[in-house]
Amino acid sequence: MAADTHSPVMGLLHRLDGTRKRYFPGICVAATIGIAASFLSQHYGAPAMLMALLLGLAFNFLSQEPQCAPGLELSAKTILRLGVAMLGLRITFGDVLTLGWQPMLMVCSAVVLTICFGVVMARWLGFSKEFGTLTGGSVAICGASAAMAISSVLPQSEQAKRDTLFTVISVTTLSTLAMIFYPMISDSLGLSDQEAGLFIGATIHDVAQVVGAGYSMSAEVGDLSTFVKLLRVAMLVPIVMTIGILIRRAASKQGESSGGSRVAIPGFLIGFVVLFVLNSLSWIPQEIAQPLAGSSSWLLLTAIAALGVRTQLKDILSVGWKPVLLVVLETVFIALLVLAYLLLMG
């Protein structure tokens, strides 16, 4: 009877131990790099996020180790999303109201125009409109996550799988470069904290790199750029659903199957919104909200380090120059478009 009582507990402990052994080495690597980056930041004034990324790139060989790979993937995805969700505790309704309607209009129009630009340029370079939609959408919305979501509603083929892989690699690479150079561009142009936050949040592809670039400048720029970035992420669902509807309509006219699938709202976006609302209504005691908001920085530092370890910039060199040119042109287009908006609003 006692054995029967304890067997479920022992089974649970066994599974927990297996999970620990699977993920702990990779998480430990990412966390250690994050601590080292924090040390460099505190003692030498270097941006912690940038140091975490560069140190992570130096330890790229660890991403090939079977013991480290699962934990690194968990850190770069799950821990990142948890950290971004907790950033909702750092922003309130008052911060949103200070933006006004013009920045929101800027974000929405920049996303739509970048996708349209991607389709036009893809056709001009000899690619399909689906490839232009895939690359333009990933640049406009949220990088690799958008690429995976958009590819799920596009016609499925071996070429489509290769296109998706290329898009994920290219936008991650360009987003990493943008994380390094966009803060420099913001400083050289003399952008204010609000303008820099709008520029970084509205142009860099992936959430992780937006966070890294924003907080490498200041906490104010980081908070605003993250919020602006999440406005773009929020457009993922309506954009992908619209693409899916258009693809299905085109396929039905030709008597074909689109192979699309339903798109879910990103969980970390829901978490961000929930914490943002609760914090704005002061329903979370400050004794709890402040430590949680502070822990988001450590979570993001760990995630950025893991992202650096898992990034292989050499992979993009195996493709032709035209696909690379397309994604570069889309990246430059949205950056120039947002800068033009900022100039008009200024």
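**Close-up views of a predicted helical model**

**Figure 1. Contact between helices H8 and H9.** Tyr182, Pro183, Ile185 and Ser186 of H8 touch Ala196, Phe199, Ile200 and Thr203 of H9. Sorted by class, the residues of this contact are six nonpolar, two polar and no charged. The model shown here and in the other views is predicted. H8 packs against H9, which spans residues 193–203, at an angle of about 150 degrees, and the two axes are 10 Å apart. Angles over 145 degrees count as roughly antiparallel. The angle therefore makes H8 roughly antiparallel to H9. The crossing of these two helices, H8 and H9, is right-handed.

**Figure 2. Contact between helices H9 and H10.** H10 covers residues 207–217 and packs with H9 at an angle of about 165 degrees, with the axes 9 Å apart. H9 and H10 are therefore roughly antiparallel to each other. H9 crosses H10 in a right-handed manner. On the H9 side, the contact is made by Ala196, Ile200 and Gly201. On the H10 side, Val210, Ala213, Gly214 and Met217 take part. The contact of H9 with H10 comprises five nonpolar, two polar and no charged residues.

Figure 3. Seven aromatic pairs are found in a search of the whole structure. One of them is formed by Phe131 and Phe166, whose ring centres are 6.1 Å apart. The planes of the two rings are 35 degrees apart, and the pair is classed as tilted. Phe131 belongs to helix H6 (residues 129–140), and Phe166 belongs to helix H8 (residues 158–188). The two residues are 35 residues apart, and their pair links distant parts of the chain. Phe131 and Phe166 are both buried. Together with Phe127, Phe131 and Phe166 form one aromatic cluster.

**Figure 4. The enclosed helix H7.** H7 has eight residues, 144–151. Six of the eight are buried, so H7 is largely enclosed by the rest of the structure. Ala144, Ala146, Ala147 and Ala149 are among the buried residues. Ile150 and Ser151 of H7 are buried as well.

**Figure 5. Ser38 in helix H1.** Ser38 is part of H1, which runs over residues 2–44. Is Ser38 buried or exposed? The relative accessible area of Ser38 is 10%. Buried means under 20%, so Ser38 counts as buried. Leaving aside residues up to four places away in sequence, Ser38 touches Trp298 and Leu301.

**Figure 6. Val274 in helix H13.** Val274 sits in H13 (residues 267–280). Val274 has a relative accessible area of 42% and is partly exposed. Which residue has a C-alpha atom separated by 7.7 Å from that of Val274? The residue is Gly88, which is 186 residues from Val274 along the chain.

**Figure 7. The whole chain, for orientation.** The secondary structure of the chain comprises 15 helices and zero strands. Of the 346 residues in the chain, 48% are buried. Among contacts with a separation of 6 or more, 81% are between residues 24 or more positions apart.

Definitions and conventions:
Residues are numbered from 1 along each chain as its sequence is written. This is a predicted model: local features need pLDDT of at least 70, side-chain atom pairs count only at pLDDT 80 or more; totals for chains, interfaces and linings use all residues. Side-chain values use heavy atoms; hydrogens and water are left out. Buried means under 20% relative accessible area, exposed over 50%, partly exposed in between (1.4 Å probe, protein chains only). Helices (H or I, at least four residues) and strands (E, at least two) are DSSP runs, numbered from the N terminus. Rings of Phe, Tyr and Trp (its six-membered ring) pair if their centres lie within 6.5 Å; planes under 30 degrees apart count as stacked, over 60 as edge-to-face and the rest as tilted. Axes are lines fitted to C-alpha atoms, for helices over the stretch in contact, and angles run from 0 to 180 degrees between N-to-C directions. Angles under 35 degrees count as roughly parallel, over 145 as roughly antiparallel, 65 to 115 as roughly perpendicular and the rest as oblique. A crossing is left-handed if the near helix is turned anticlockwise from the far one by less than a right angle, and right-handed if clockwise. Contact means heavy atoms within 4.5 Å. Ala, Val, Leu, Ile, Met, Phe, Trp, Tyr, Cys and Pro count as nonpolar, Asp, Glu, Lys and Arg as charged, and the others, Gly among them, as polar.
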